[in-house]
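Okay, everyone, thanks for coming. Let me put the structure up on the screen and walk you through a few spots.

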Amino acid sequence: MPHAPKIAADRIEEAAHTVMAKAGIEIPDDYLHGIQAMASTESGDLSAFVLRAMLENWEAAKADRRPMCADTGVPRYYVKIGNEARIEGGPVELERRIRRATARATHDVPLRPNRVHPLSRRDNDNNVGINAPEIEYSFEPDADWIDVTTVHKGGLFGTDYRMLFPADGVDGIKRFYLDTLIAFGKRGLACQPAIVGIGLGGSKDTCMVLGKQAACLRVVGDRNPDPEIAALEDELKTLGNSIGMGAMGFVGSSMVVDCHIEVGYTHTGGMPMSVHCFCLSSRRATARLHPDGRIEYRTDPEWFTPYLRRDTVEWQSPAASSKKSA
Amino acid sequence: MAEPSGKLKEVRLTTPVRHEDLRRLELGDVVYLDGLIYTGRESVYKRVLQDGVAPPVDLKALTNVNFHCSPAASRNADGTFNVGAVTATASFRFSKWLPKWLEVSGAKVIVGKGGMSEQDYRDTFVPAGAVYLTTVGYGTGALLGRGIKRVRDAHWIDDLGIAQAMWVFEVEKFGPLLVESDLDGNSLFERNNRIVNQGLARLYEGLKPPSLARYGETDDRRDELIG
Ligand code: SF4
């Protein structure tokens with residue numbers, strides 16, 4: 001296969017700048033439709049009022065081209081690189097462009113400069129700093145494009161981690177899930193109804209990463225391809241909406257727009273779990289950059305590909321191969 | 001709280017808000033503000049109340065509405081400001097400043113996110129004749145941004161930054177806001193919490209107890225994780 005032309009650094013910066021603005025201003029359709037459906041069934045009058053106000057808010061944001069929420073959250077990027085893609089200037093140039101696009105978009109939209117040094121509280125006024133914005137990578141076989149996704153997730157409430165054990169089973173999962181939603185749902189600290197992402201397994205850090213990606217990089221209505229996990233997603237969604245709490249913690253039923261679970265193989269003695277609430281400003285936008293210069297925009301990051309969720313290895317244990325030949 | 005039809009009562013208030021208007025507010029009423037409001041949060045409180053610096057304007061003469069907020073704004077080359085969206089920040093963190101602040105500033109309306117505790121209302125708000133209005137969502141930044149007609153001032157922006165400066169906004173139909181506390185110190189959130197709490201036990205029915213205690217969620221250092 002001949003080398004694909006390099007993807008131009010200028011186009012990367014343009015795409016990153018555009019997705020920053022799109023994420024900040026345009027609520028993704030899948031989430032919008034999820035909230036519309038909830039608004040039509042919510043029986044709590046205050047909770048229903050909040051949902052209607054949000055629907056109006058998103059229209060105002062689009063019409064005025066202003067951010068839907070002034071709290072920018074913590075803007076970050078997910079970059080998926082096709083195995084055949086080549087980048088002008090290489091990965092270092094890609095990161096330089098993404099940082100520059102973040103600062104420019106912060107000024108141009110404008111987005112609130114949210115990122116400060118954790119101790120000195122120094123604010124560069126551009127959402128860029130040490131380890132900010134975070135850029136995570138994944139790869140895709142047989143592809144010559146790169147996907148640049150930005151997510152601006154609300155930062156302070158609605159996320160938690162717990163080490164569970166195999167004996168805790170699904171009961172333990174439900175318990176921790178309820179604990180988190182109830183604690184952060186009161187007074188609406190989680191800005192629910194949310195897309196709730198759950199990370200199961202891995203080690204503590206992977207567990208957090210998987211849960212966050214499950215919340216932020218999968219769309220409302222999407223189900224995990226593993227039927228057992230998909231069933232649990234449905235069950236937990238229903239459970240969350242039966243707490244008796246709606247938007248802003250008011251009496252109601254609108255808590256979970258959807259529930260997504262991602263798993264990683266974990267320590268044989270443990271079952272770590274994380275819960276993440278992607279809030280009423282579920283801001284995500286993706287650009288696909290092709291080698292011929294085209295850029296396509298969408299709101300489904302398509303992050304969890306079969307390749308990313310693979311659980312196989314191209315290797316056979318000696319025991320298995322001897323059995324086969326016997 | 002709400003009328004049986006499910007429709008909430010809507011109220012327009014003009015700043016400075018008068019005591020008789022506050023008296024008529026009921027929990028869960030939807031409020032829109034017209035007039036002037038200013039932002040003030042930890043850095044403003046600290047500077048005035050702890051460092052003893054006088055407020056940059058005579059707040060009592062200006063308005064009696066304090067908004068716990070940081071706008072999404074940028075400064076244009078000509079020194080004017082471009083305010084896109086505004087969203088409140090969680091107010092409970094400012095609990096310790098408020099008794100003194102209400103006294104010094106004469107604020108009668110606090111607009112913010114998440115409300116305060118009923119204890120704060122009884123101890124601080126009721127004696128000061130003040131109420132708490134909560135923003136909605138809390139992501140209604142674009143709607144609230146629309147309500148801001150002009151930035152009158154951005155005091156202390158050079159040293160406190162965009163997020164912590166004291167912004168003075170001219171507003172029109174600024175909202176929606178919900179009445180979270182009334183002049184008697186009742187809280188809409190706590191009223192809802194009490195109803196929600198009644199149903200919580202049933203959710204956990206039949207779930208087996210956890211293998212490990214919920215560490216990190218107790219203040220008692222003698223507690224063990226196991227058992
Ligand atoms: S959690 Fe989301 S909706 Fe709520 S204030 Fe933060 S960014 Fe806005």
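Let's start with Arg121(A), which is exposed, because its relative accessible area is 53% and the cut-off for exposed is over 50%. Before I go on, keep in mind that this is a predicted model. Arg121(A) sits in the loop between H4 and E2 of chain A. Most residues other than glycine have a negative phi.

There's another one like that. Glu302(A) has a phi near 45°, again positive and again in a residue other than glycine. You'll find Glu302(A) in the loop between E9 and H8 of chain A. With a relative accessible area of 39%, Glu302(A) is partly exposed.

Most peptide bonds are trans. Ala132(A) and Pro133(A), though, are joined by a cis peptide bond, with omega about -5°. Pro133(A) is in the loop between H4 and E2 of chain A. Then there's the bond from Gln192(A) to Pro193(A), also cis, with omega near 0°. Pro193(A) lies in the loop between helix H5 (169–185) and strand E5 (194–201) of chain A.

Thr305(A) is in the loop that runs between strand E9 (295–298) and helix H8 (318–325) of chain A. So is Thr305(A) buried or exposed? It comes out at 12% relative accessibility, so Thr305(A) counts as buried, the cut-off being under 20%. And which residues does Thr305(A) touch, if you skip those up to four places away in sequence? The answer is Lys80(A) and Glu140(A). With Glu140(A) there is a polar contact, side chain to side chain, at 2.9 Å.

Okay, charges. Over all chains, the count comes to 47 salt bridges. I'll pick a few. Asp71(A) pairs with Arg112(A), and their closest N and O atoms are 3.8 Å apart. Asp71(A) is in the loop between helix H3 (45–64) and strand E1 (74–82), while Arg112(A) is in the loop between helix H4 (90–108) and strand E2 (135–140), so this pair ties together parts of chain A that are 41 residues apart in sequence. Asp71(A) is partly exposed at 24% relative accessibility, whereas Arg112(A) is buried at 9%.

Next, Glu136(A) and Arg76(A), whose side chains meet in a salt bridge at 2.6 Å, N to O. Here Glu136(A) is in strand E2 and Arg76(A) in strand E1 of chain A, so the pair links parts that are 60 residues apart in sequence. Both Glu136(A) and Arg76(A) are buried.

Over in chain B, Arg23(B) forms a salt bridge with Asp184(B), closest N and O atoms 3.6 Å apart. Arg23(B) belongs to helix H1 (residues 19–24) and Asp184(B) to the loop between strand E9 (166–181) and helix H8 (188–198) of chain B, so this one ties together parts that are 161 residues apart in sequence. Arg23(B) counts as partly exposed, at 46% relative accessibility. And there's a network to look at in chain A: salt bridges with shared partners join Arg218(A), Asp222(A), Arg223(A), Glu233(A), Asp234(A), Asp258(A), Glu262(A) and Arg309(A).

Staying with chain B, let's look at two helices. The axes of helix H4 (residues 98–105) and helix H5 (residues 118–128) of chain B come within 10 Å and cross at roughly 5°. That's under 35 degrees, so H4(B) is roughly parallel to H5(B). Which residues meet there? From H4(B) it's Leu98(B), Pro99(B) and Leu102(B), and from H5(B) it's Thr124(B), Phe125(B) and Ala128(B). By type, the contact has five nonpolar residues, one polar and no charged.

Last stop: Ser91(B), in the loop between strand E5 (81–88) and H4 of chain B. Ser91(B) is buried, with a relative accessible area of 0%. Beyond its neighbours within four places in sequence, Ser91(B) is in contact with His68(B), Gly112(B), Lys113(B), Gly115(B), Met116(B) and Tyr132(B). The C-alpha atoms of Ser91(B) and Lys113(B) are separated by 5.7 Å, though the two residues are 22 apart along the chain. And the side chain of Ser91(B) makes a polar contact with the side chain of Tyr132(B), at 2.6 Å.

Key: Residues numbered from 1 in each chain as written. Chains lettered and ligands numbered in written order. Predicted model: local features only at pLDDT ≥ 70, side-chain atom pairs only at ≥ 80, totals over all residues. Heavy atoms only, no water. Helix = DSSP H or I, 4+ residues; strand = E, 2+ residues; numbered from the N terminus. Buried < 20%, exposed > 50% of the residue type's maximum accessible area, 1.4 Å probe, protein only. Polar contact = N/O pair within 3.5 Å; in protein donor to acceptor, adjacent residues only side chain to side chain. Contact = heavy atoms within 4.5 Å. Salt bridge = Lys/Arg side-chain N within 4 Å of Asp/Glu carboxyl O. Axes fitted to C-alpha atoms, helices over the stretch in contact; angles between N-to-C directions. Parallel < 35°, antiparallel > 145°, perpendicular 65-115°, else oblique. Nonpolar A, V, L, I, M, F, W, Y, C, P; charged D, E, K, R; others polar.
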